[in-house]
Amino acid sequence: MSDKDLSNIQIPEAVRPVRPRRSVLYVPANNSRALEKSLTLSSDVIIYDLEDAILPSQKAEARETLRAFLKDKFPSDVKSSAKEIIIRINSLSSEWGSEDLLAARAIMPSAVLLPKVSEADDIIEVNDALVEMDTPPELRLWAMIETPRGILNVASIARYARTPGTRLDCFVAGTNDLIKETGVKPQVGRPYLSNWLSQIVLSARAYGLDVIDGVYNDFRDAEGFERETLDGRAMGFDGKSLIHPNQIDFANEAFGIEASALEEAQDIIAAFAKVENADAGVIQLNGKMVERLHLEMAEKLVEKSKLIKE
Ligand code: COA
Ligand code: MG
């Protein structure tokens, strides 16, 4: 671990921005048509990809295409789209990673997504490089968990989110790479992947990170996609990685906030706001026990709901 790793120090959780991340669409950085379309789509997040979707021979050109595209669009078109804009770079150990990171520093997206994170050091290295480039803290880091070592180390990777000055906000499960690296067969219901996906969710929750499920490759199979998306919701993910625009609406719905949940959250906030409950740690509401932790959850939910534009 680098000198700057202070992960043994227990400090309060960093305050991370609350954002809806129901639908997270990949867009290959060299596909001009998809780039143009991307900002008009209703996904909460767009990941412009310089990594797996781009052949080695096209990496440099894809980077320049993306740079030119986003230069035209920032800040007005991007701001009005109200999306989080993420750039997935190649890993720093590859021949393209440093140039990708420099380009991201210049563009200043919402976050940089690091592929194939296998230990906390992989993030610390990028975090340190961003500090050296005087990068404002608004540029955040997301991490793909998609290697066998990434799964084995996922709790310690998530724990890095407690380090002062960390930019780590979100995990993205990389199911295609996991399948490739482990030999697990892609199957309906993901019987052998589920354990690992749950490890990712649990570790993210333990340290206050958001967490996004992997992609469903067969984008013409709506039924299979919907089943897997609901499965991801039930597992506790915040949203789903998507590869095609026709997957956005269902993901937004599946990971959306139900009217009844919003109402309940508003009731909890109103109940704790009453003078007689000012010092209460726990109260009863409609016959159910409600604690301060539920108030915290309710406040987050209401904040998130305000950011969702239908
Ligand atoms: N983002 C934005 N627009 C997209 C898109 C995406 N991911 N995928 C497709 N589109 C657009 C197409 O450009 C097309 O636009 P048009 O109406 O202006 O012609 C429209 O949606 C319909 O696309 P379609 O013809 O059904 O698919 P396609 O053959 O153009 O593309 C893929 C299929 C799989 C190549 C494409 O969806 C894709 O590249 N997805 C992302 C892959 C990726 O990034 N993988 C890495 C992470 S796993
Ligand atoms: Mg991958």
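Three aromatic pairs are found in this predicted model, where rings of Phe, Tyr and Trp (its six-membered ring) pair if their centres lie within 6.5 Å, and planes under 30 degrees apart count as stacked, over 60 as edge-to-face and the rest as tilted. The rings of Tyr-48 and Phe-69 have centres 6.0 Å apart and planes at 70 degrees, so this pair is edge-to-face. Tyr-48 belongs to strand β2 (residues 45-49) and Phe-69 to helix α2 (residues 59-73), so that distant parts of the chain, 21 residues apart, are linked; helices (H or I, at least four residues) and strands (E, at least two) are DSSP runs, numbered from the N terminus. Tyr-48 and Phe-69 are both buried, a word that means under 20% relative accessible area, with exposed over 50% and partly exposed in between (1.4 Å probe, protein chains only).

Phe-225 and Phe-250 also form an edge-to-face pair, which joins helix α10 (residues 222-235) to helix α11 (residues 248-254) across 25 residues. Together with Tyr-216, these two residues make up one aromatic cluster.

| Pair | Centre to centre | Angle between planes |
|---|---|---|
| Tyr-48 and Phe-69 | 6.0 Å | 70 degrees |
| Phe-225 and Phe-250 | 6.3 Å | 70 degrees |

Phe-225 counts as buried because its relative accessibility is 4%, and Phe-250 counts as buried at 18%.

Asp-52 lies in the loop between β2 and α2, whereas Asp-177 lies in helix α8 (residues 175-182), so the pair ties together parts that are 125 residues apart in sequence. Asp-52 counts as partly exposed at 44% relative accessibility, while Asp-177 is buried, with a relative accessible area of 7%.

The domain assignment, which is automatic or from a database, gives domain 1 (3-254) and domain 2 (259-309). Their C-alpha centres lie 30 Å apart, and 6 residues of domain 1 are in contact with 6 residues of domain 2, contact meaning heavy atoms within 4.5 Å.

Residues are numbered from 1 along each chain as its sequence is written, and chains are lettered from A and ligands numbered from 1 in the order in which they are written. In this predicted model local features need pLDDT of at least 70, side-chain atom pairs count only at pLDDT 80 or more, and totals for chains, interfaces and linings use all residues, while side-chain values use heavy atoms, with hydrogens and water left out.
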